[in-house]
Amino acid sequence: IPVGVSSEEFQKGDIYIFYDYEDVYFRYDLKTKKYYKKFVGKAERECDPLSTLLSDAIRFGEEVTKEQYEDG
């Protein structure tokens, strides 16, 4: 299974990432250029783009579908 999300992906459209080490999902909205996070079973909230957790998720997480993100 490929790990991490390449920087090119962020230029193509919205991105959804699952980082299983912390049971957290991230979403990147291309239109607004903002990041959002939500822990499994919790509500979504905006995320600081300089967050260490976000950085780890981009490097070591797995890209998932919008549906997986919404169900998570």
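Trainee: Which residue forms a salt bridge with Arg-27, the closest N and O atoms being 3.0 Å apart?

Mentor: We're looking at a predicted model, where local features need pLDDT of at least 70, side-chain atom pairs count only at pLDDT 80 or more, and totals for chains, interfaces and linings use all residues. Numbering runs from 1 along each chain as its sequence is written, and side-chain values use heavy atoms, with hydrogens and water left out. A salt bridge here is a side-chain nitrogen of Lys or Arg within 4 Å of a carboxyl oxygen of Asp or Glu. At 3.0 Å between N and O, the partner of Arg-27 is Glu-44.

Trainee: And how many residues apart are Arg-27 and Glu-44?

Mentor: Arg-27 sits in strand E2 (residues 24–29), while Glu-44 is in the loop between strand E3 (34–39) and strand E4 (45–47). Strands are DSSP runs of at least two residues, helices (H or I) of at least four, numbered from the N terminus. So the pair links distant parts of the chain, and the separation is 17 residues.

Trainee: Is Glu-44 buried or partly exposed?

Mentor: Buried means under 20% relative accessible area, exposed over 50%, partly exposed in between (1.4 Å probe, protein chains only). Arg-27 is at 15%, so it's buried. Glu-44 comes in at 35%, so it's partly exposed.

Trainee: Which residues are linked with Arg-27 in a network of salt bridges?

Mentor: Besides the Glu-44 contact, Arg-27 meets the side chain of Asp-29 at 3.5 Å, N to O. Asp-29 is buried, at 15%. The network joins Arg-27 to Asp-29 and Glu-44.
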